[in-house]
Amino acid sequence: MNLRFLEKKFDYKLAYKWFEKRNWKPFPFQKETWDLFLSGQSGLLNAPTGSGKTYALWIASVLELLEKQEFNKNKTPEGLKIIWITPLRALAKDIQKALKLFCEDHGIKWQISIRTGDTPTDERVKQLRKAPTCLITTPESLHILFSQKQSVSFFENTTAIIVDEWHELMGTKRGVQTELAISRIKNLSKNKLKIWGISATIGNLEEAVEVMLGPNYKEKPIIIRAQIQKKTAIVSIIPEIIDRFPWAGHLGIKLLPQILPIIEKSKTTLVFTNTRSQTEIWYREILNKKPEYAGLMAMHHGSIDNHIRAWVEDALSEGKLKLVVCTSSLDLGVDFSPVETIIQVGGPKGISRFLQRAGRSGHQPGGLSQIYFVPTHSLELVEGAALRTAERSGIHENRKPILNSLDVLVQYLVTLSVGNGFDEKEIWEEVKNTFAYKDLTKQEWNWTLEFITSGGRSLENYSEYSKVNKTSENFTVTNKRIITRHRLSIGTIVGDPVLNVRFTTGGYLGTIEESFISSLNIGDVFWFSGRALEFIRLKDLTVFVTKSKKKGGRIPSWGGGRLPLSSQLANLIRQKLENAKHGIYEEIEMIKLKPTLDLQQKWSEIPDNSSLLIEKTISKDGCHIFVFPFEGRAVHEILSALIAFRISRIKPITFSIAMNDYGFELLSDQEIPIEDALELDLFSLKNIMEDVEECINNVGLAKMKFRDIATISGLIFKGYPGKFVSNKHLQSSSSLLFDVFHQYDPENLLLRQAKEEVITLQLDYQRLVDALKRINMQKIILKNTHKFTPFAFPIMADRLRQKMTSENVYDRILRLQQQLESLDN
């Protein structure tokens, strides 16, 4: 970037000497950030993990404040100056440590504080009485500050907002909260506010900075790209024997003999899994194989006690642990310098997620990130090859911003009313200047105001929904009960109610979802937090347990376990298969898979980018139709329902449906008229929205989605600390409200939002449309196969796993594998 427009030269001696003292050298992107920040610019900093992004913005912030104080290090700046927003509470402590390091090394005695859900009450009170110079916080805690009577004076001296890991917030309702917070603080601050985001590489950086700053930002947003090529070594763990008829989940643990030597030779290793259940399984299996690791290995996921997680993070930083098995809870920003090796179990389903995890190793400028990819079935090796290509080519996914989330807006307006109250005209302008609400109409705004003051047309006779009082143009809340309940409900993270897990002797372990515990009987053994536990009793929302000597036990399941395959990674997978079809095998993964792919071509076809493969197979179970779009499980879930619905209009027929990331299966005990359906343009885009809404029971899904919207908007209350409302009661309350709106207030905008979120977010309607557009440009290849092909087998196996017990299904799948192998001999 040409910096000649800068009118002033800045003195960076303080920074240069500090870097030199630590044997570091500032990167050009850091100097560029300092220049632009100190000249009053706002923008987005894009740099790889471990390259010094934090110091690029923190040093600029410090230099600016020192300059205004004439370099008086001992004088604390008046009021809150810098707000550092982080998406994870777990990151706050590490950020604070990094910021304090620079200040302490220069004798700068400023207060750098943390305010999250873990911050003690007395500390929060102190912060309100005397604001720190820098506050590290989350979007939720920032909004809680808006609900305080001191909020106007608290933010009036702010000079800068730094949004860390913006790519993680963008495209979520927490990101919308961040946009609203920025718009409010812009107005409250007496200073010209500088707003900077820190982001890993995503496909739409230009849009990302516009979303953060708002569509009406007066100056051209700046994007600083570090131009640092992060060195990443990607190695796939290749099974010694490649199954030509693979099935999901059976392979990963079998590869432990190849994985353990990698862990053994590494100083510290992180093993990433995609779900908390897998984390528990892998921890148990590794400990069984390596009992000597007891005390040297740990587990980290979102349901484990905060104190245990904090201990794990500290022990990692200090190099005391050899191995940690974890989920996305350790994806972001924490600096674990001792970590040398990353192991990813199963396809990460996204390029950016995979590279983010890889960056946990070599987490320093110029460091090498080493990551091993462990397939959970042999076809996932294609994903490993695709990930390496993505890393070499610099391909990343986009993050789509969320628009017009009225539940978040309702919560925000009540928050402001609980605090100092708000002026309608002032807040309307602020809200319209956010990207999230740039298309908000005056009619929608007026509906929202009516909703918070009266509960809307269908609830106006119930006083509990009339939360906000309108006096002239000012909106306030005076009811103390409403104020307390609202402050406890601020936030947009909504999940199933959880139960605390404690030993009968008093030790706290973490939380488990209510739905899992309800399936247990007293005396049952389950595995949690790395221990076999016996269920003793449930009392006051607490699960009391004792240690069990049994080695087995059920693994808890948590909601939201499956990750969707990104469209960019799906494209690369299809490209790898096209290469294979034409005899091009460049990567080791594809070379090892060649016997499997050769058999697929022999018995059926390997589809390329210009074709869609459909297989029709008759077995003793009935008529099977396998379709292979390679679009990911989320798209296949809705596409399979759509295709089944359209076929059933030709012939009344009942289907069983199964799917994976590569395709889906329709099974019926009747002949499926696939040929007739294709003649009638089965994949047509005509009437697509109407067909989708009819085939997926949109009302039923919308009712489930409405529970989250009702919680965020304050229609239902999840309970006080230690006295949470049960999941059953929450669902019952939200369902009742949904039915009331559906019958008496069908134009209710929260009802409309629930239906739209099912289509746009849960079912990813736009990606379905894109997939159908691609299919309509392809040649459809229908193969009548006499046996299950390598592509069809894993989908069929998934269906069996859903119907049968784990012991029976394993034996049956092995028999089917052996039968199919014998057919090719």
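**Ground rules.** Residues count from 1 along each chain as its sequence is written, and side-chain values use heavy atoms, with hydrogens and water left out. Since this is a predicted model, local features need pLDDT of at least 70 and side-chain atom pairs count only at pLDDT 80 or more, while totals for chains, interfaces and linings use all residues.

**Entry 1, two helices crossing.** I looked up helix α2 (residues 28-38) and helix α3 (residues 53-68). Helices here are DSSP runs of H or I with at least four residues, strands are runs of E with at least two, and both are numbered from the N terminus. The axes of α2 and α3 come within 9 Å and cross at roughly 35°. Those axes are lines fitted to C-alpha atoms over the stretch in contact, and angles run from 0 to 180 degrees between N-to-C directions. The crossing is right-handed, meaning the near helix is turned clockwise from the far one by less than a right angle. Residues making the contact (heavy atoms within 4.5 Å) include F29, W34 and F37 of α2 and Y55, L57 and I59 of α3.

Next I checked α22, residues 588-603. Its 16 residues reach 24 Å from first C-alpha to last, close to the 22 Å expected at 1.5 Å a residue; the expected span is 1.5 Å times one less than the number of residues. Where does the kink lie in α22? I found it at K594, about 55° and shortly before the proline P595. The bend is the angle between axes fitted to the seven residues ending there and the seven starting there. Buried residues in α22 include M590, L593 and W603. Buried means under 20% relative accessible area, exposed over 50%, and partly exposed in between, using a 1.4 Å probe and protein chains only.

I found T434 in the loop between α17 (424-432) and α18 (442-454). Is T434 buried or exposed? T434 is buried, because its relative accessible area is 2%. Leaving aside neighbours within four places in sequence, T434 touches E179, L180, S183 and P215.

V498 has a relative accessible area of 37%, so I noted V498 as partly exposed. Beyond its neighbours within four places in sequence, V498 is in contact with T511, I512, E513 and E514.

I placed S529 in the loop between β19 (525-528) and β20 (531-539). Phi of S529 is near 55°, a positive value in a residue other than glycine. S529 counts as buried because its relative accessibility is 10%.
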